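Student: Please take a close look at one part of this model: the surface where two chains meet. I would like cut-offs along with the values.

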There are 4 protein chains.
Amino acid sequence: MGVRVAVAGASGYAGGELLRLIAGHPEFDLVAATAHTQAGSPVTAVHPQLAGLDLTLAQTDPATLADADLVFLALPHGQSAALAAQLPASVKVVDLGADFRLRDADAWARYYGGPHAGTWTYGLPELPGQRARIAAASRVANTGCYAATITLALAPLIAAGVASPDDVVVVAASGTSGAGRAAKAHLLGSEVMGDLSPYKVGAHQHVPEIKQATGATSLSMTPVLAPMPRGILATVTAVPTGAADPREVLAAAYADAPFVHVLPPGAWPHTAATAGSNSCHLQAGVDADSGRIIVVSALDNLGKGAAGQAVQCANLMYGLAETTGLSVYGVAP
Amino acid sequence: MGVRVAVAGASGYAGGELLRLIAGHPEFDLVAATAHTQAGSPVTAVHPQLAGLDLTLAQTDPATLADADLVFLALPHGQSAALAAQLPASVKVVDLGADFRLRDADAWARYYGGPHAGTWTYGLPELPGQRARIAAASRVANTGCYAATITLALAPLIAAGVASPDDVVVVAASGTSGAGRAAKAHLLGSEVMGDLSPYKVGAHQHVPEIKQATGATSLSMTPVLAPMPRGILATVTAVPTGAADPREVLAAAYADAPFVHVLPPGAWPHTAATAGSNSCHLQAGVDADSGRIIVVSALDNLGKGAAGQAVQCANLMYGLAETTGLSVYGVAP
Amino acid sequence: MGVRVAVAGASGYAGGELLRLIAGHPEFDLVAATAHTQAGSPVTAVHPQLAGLDLTLAQTDPATLADADLVFLALPHGQSAALAAQLPASVKVVDLGADFRLRDADAWARYYGGPHAGTWTYGLPELPGQRARIAAASRVANTGCYAATITLALAPLIAAGVASPDDVVVVAASGTSGAGRAAKAHLLGSEVMGDLSPYKVGAHQHVPEIKQATGATSLSMTPVLAPMPRGILATVTAVPTGAADPREVLAAAYADAPFVHVLPPGAWPHTAATAGSNSCHLQAGVDADSGRIIVVSALDNLGKGAAGQAVQCANLMYGLAETTGLSVYGVAP
Amino acid sequence: MGVRVAVAGASGYAGGELLRLIAGHPEFDLVAATAHTQAGSPVTAVHPQLAGLDLTLAQTDPATLADADLVFLALPHGQSAALAAQLPASVKVVDLGADFRLRDADAWARYYGGPHAGTWTYGLPELPGQRARIAAASRVANTGCYAATITLALAPLIAAGVASPDDVVVVAASGTSGAGRAAKAHLLGSEVMGDLSPYKVGAHQHVPEIKQATGATSLSMTPVLAPMPRGILATVTAVPTGAADPREVLAAAYADAPFVHVLPPGAWPHTAATAGSNSCHLQAGVDADSGRIIVVSALDNLGKGAAGQAVQCANLMYGLAETTGLSVYGVAP
């Protein structure tokens, strides 16, 4: 008998990816998937890619979820806290939303608004010492998708004193699933195909999370919507603060990380190679003209950027191998 | 110790998908991957999505392959026969090429040219009695991607006397990976994005294979290249020959097939729901104006249309559960 | 002083394309663009591609439109009739909706529902004798996008007795702009990219219009949504009824049509080559196995399939050269 | 009788766009289109979007070109100089290649290699005083596509003392047509769809051109290949050097430029809105966390980034209105 798992917010894209991963996980048993307006529909009516999965979406309520050993919350930002508060302490929870990521209540108020719910163990296992903290936790706040992409690229460089925490400049482009599944006119296929479109320029809500996780003290982060369903590519530039080779610092930091691949010299990450996987690909170099360090980071926003990362954390919470039920390899082309 | 597996033609798209599936297969050990001009390169230089797989492409030669228990041939059409002839009988072989699919040597000569190599057990497990034949075989000819898509839609209807074998009309659109990985100008991203482009109109080489596998006696099949990397959608129309509901015939035919899903009434297959999986989605109806039966069939041309199907056959050849190492669920969005 | 032109329904995709064409038309002056919920917005807020066009969307009402010499109606099907009835006879009208296309009131009721509004001159100039009828008309019903694509491919063959009007089988794939601009979840970019998705299988509302315009007596038409913003590719197959070469029949029929190009032998139409233009590309052949005639037709659903066609009709209505303000050439890649 | 125009290098993407624009230009007559391996083919065999244009590609040689009044050179970088040297002084030339853009021979040698051919009038009409210089020139070096995008965003800010010329950081993503039409495996549709892929990281050859044109003294420019045929989106960040509003500076700089649109406050440029046009869309703001100026610039790499810009320059060289034969409006969706 495996771990009994429930997914709240199962009708969205991260929710669907969670269902796919759990359905293929050898130690997790999917016992409930809940939704709001879609409650009552078969899972396959909402996620046709899961044809063969015989389950009906239940209404999201604490009683349904409390019956599970492990609950993934894939709700809109700001909705996790109220629900989590109603779950017994014995239920382990991984929250894919932003509610419990920030330590700084002011930053929460400034970027998200409303009262700060608190701070849970941060769900990025590759940060130093973080695997043990996650393994010991019963509540984990999964990283944001941009935050995962950028933190994996930058945190070791700042920690090693190789890159200045000041004046970090990032442009990060995301596939459209990162914008969610709500029917909005600017996300129609007719609008996004053939289009690159910046948004929330100068004021993205992941900025405080990224600063907290990387140690950056000044961060310009411009997000761009890209014409593809999945994937994030972050170009991270920083002022060097020493002579060390940034690529070697990254390679050392992730030598034992099964999902983070510092590519061979000369090979640069690209998003398609990570699609459907839980891997992050990294490469670093130095700009010939400006001398800035450039790190490029690619991952699947629904994989290592959301559902895959959440399962990785849950594996650690249950003492399983980190890779259980997850794929290192991308689905390409 | 698992089955020792080699892949010949590992640098192409079907080859890359085979490597991905074998690397994740619990009973198969990948011992060799061979190529031609790419021999000597790390697998990850050719397939960056396999970052973490530490293997170098070897030259395609019989000695290398003969060391394996099981060989997958993912070579251009017409190149399998010579290689297969040099492999010992003790090595099981699944050929993803067309060389051994046809029973009719004349049809081979007409559509492919050159001498007919022979006929192997046809690798479509869902045909009546075919699982047992594949399980007993040491040489299997995997279906073509269009043939798999169309045969799963049509064969049960003709066999049941529900659809006429005469005057079958098919339009089938494929993602670009079906056209292979050779650098050709008309397959450039700039050309294919935003474009639907018919090809080999009126004379596709899969026609005799489809007729053989379905029992159709007259078949118009128009292939179209579609702006997506993966997936085939076939619209199959046929003249009805009775009052039976074609959907029910299909549902009965595939009641025990783990990878073939006849969708609930009202839901029509679409390719994205099958991407990355070994599933085929089907739906059937009757056209209001013409009375023709319309069956729509969708699958991943590299999955159920090539590499996944090949692994499914190999599972049967080794007495494993048909689904071992394969996913029923698609990666979407 | 040019013709004073207004566009009702200017916030949709066909409306936006009309604005683009009119803004570049040497004889038409855009005096009003109207909308419903978007009334009051600058045109450029709704159509950012028209940056530089200084106009505010007005509310759609008869008084605003009656002030123009020429009105294009780009409204949802069923909404044109009421509005048109309130426009004075002196105002010329081209309706891009379906309201006035059908001669058969029963067919209207069956496929669209509600009372039949009447029948206007059919706006497909390339039909025999139709240019003169359009030139003499003050009310023109523009063709549907699928109808234009298929009629141009098929009508001359049936008229010439080369193709049987019975048992015509069509599969036609359209870019997503054909599905309109309303925010619907199944039209999100995340859903449509990488996807081919059939819809309204066996019962599309363009069927009676196509039968009326082509003379077909039995028609199976399966529409498919394709992952591109624009373009329709129709594969039309028909039973031959004589020995004549279908390509030659088409070439003769369109010898003097500036927008319909029968491609050189061996070249098949593809949608990207028609994007942004008012051209339709055609090619015909005979299927080797079945003997069926195959005609492939490609055009831009917003161009020759909607707004371009409407401007072409308006040119005729004003005695201008058919090509005024329209491009024969596509924007590719 | 119009200006007699020839295009050398007409088989590539920029060449095809030149043909399209010239064919629709009221004052230019296309008298020759030349190519290398494609010489002898009808233009429409190479550019099917130009169906209706009856012209055969000639071999690229000076005699053919010298017969024209105006020659556009759309050749690979490094090939224009030899050809231009053989054209009589009476023939006006616009070179779309890089050969004559740089003033600094060392920068040429470092980024392109080989001897420096010289320096022609720089073909970016919106730079201060540049319209008059272009009007007076008989030889013009058209801007590079990235250079046009970035220079329009940045040059006025540095010139006005609003942005520091030091430590400019740019990430710019381009559609695949920017990578040319040569058949390369990494540009196949299967590879580029669903993919964002950085290239030439830290060392792009447009860097010296951009520094020369903008006055930047330190520039990090990371180019990314995006899954769309056309369009460039540049995110330009710079350290502010005063309190002036960067958007107002840009608006003032381009008040009289018909093709450069500083969008209304709150609206950010996106590439699709510029497709097929000669427009550049701009917006500027200040990053909340870092205080950096962020300017986003979008244009069509084949339009304002290549062929459109070249025609705009040619219009000035012939005393025509700058906008003759060019569209301000994009083709969208």
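Tutor: In this predicted model, 26 residues of chain A are in contact with 26 residues of chain B. Contact means heavy atoms within 4.5 Å. The area buried between chain A and chain B is about 2100 Å². Carbon and sulfur atoms give 65% of that area. Buried area is the accessible area (1.4 Å probe) that two parts lose on being put together, summed over both. On the chain A side, Gln49(A), Tyr329(A) and Pro333(A) lose the most area to chain B. Together they account for 34% of what that side buries.

Now the polar terms. A salt bridge is a side-chain nitrogen of Lys or Arg within 4 Å of a carboxyl oxygen of Asp or Glu. Eight residue pairs are in polar contact between chain A and chain B, both residues at pLDDT 80 or more. A polar contact is a pair of N or O atoms within 3.5 Å; within protein, one must be able to donate a hydrogen and the other to accept it, and residues adjacent in sequence count only if both atoms are side-chain atoms.

Helix α1 (residues 13–23) of chain A gives the most to the side that touches chain B, with four residues. Helices (H or I, at least four residues) and strands (E, at least two) are DSSP runs, numbered from the N terminus. By class, that side of chain A has 15 nonpolar, eight polar and three charged residues. Ala, Val, Leu, Ile, Met, Phe, Trp, Tyr, Cys and Pro count as nonpolar, Asp, Glu, Lys and Arg as charged, and the others, Gly among them, as polar.

Stay with α1(A). Nine of its 11 residues are buried, so α1(A) is largely enclosed by the rest of the structure. Buried means under 20% relative accessible area (1.4 Å probe, protein chains only). Among the buried residues are Tyr13(A), Glu17(A), Arg20(A) and Ile22(A). The buried residues of α1(A) pack against β1 (3–8), β2 (28–35), α2, β4 (70–73) and α11 (303–317) of chain A. They also pack against α8 (189–192) of chain C.

One residue shows the contact with chain B in detail. Ala51(A) sits in the loop between α2 (43–46) and β3 (58–59) of chain A. Ala51(A) is buried, with a relative accessible area of 7%. Leaving aside neighbours within four places in sequence, Ala51(A) is in contact with Thr44(A), and with His261(B), Leu263(B), His281(B), Val328(B) and Tyr329(B).

Chain D and chain A bury about 3300 Å² between them, 61% of it on carbon and sulfur atoms. The count of salt bridges between chain D and chain A is four. Asp289(A) forms a salt bridge with Lys211(D), with the closest N and O atoms 2.7 Å apart. Between chain D and chain A, 18 residue pairs are in polar contact, both at pLDDT 80 or more.

Conventions, briefly. Residues are numbered from 1 along each chain as its sequence is written, and chains are lettered from A and ligands numbered from 1 in the order in which they are written. Local features need pLDDT of at least 70, side-chain atom pairs count only at pLDDT 80 or more, and totals for chains, interfaces and linings use all residues, while side-chain values use heavy atoms, with hydrogens and water left out.

Technical notes
Buried < 20%, exposed > 50% of the residue type's maximum accessible area, 1.4 Å probe, protein only.
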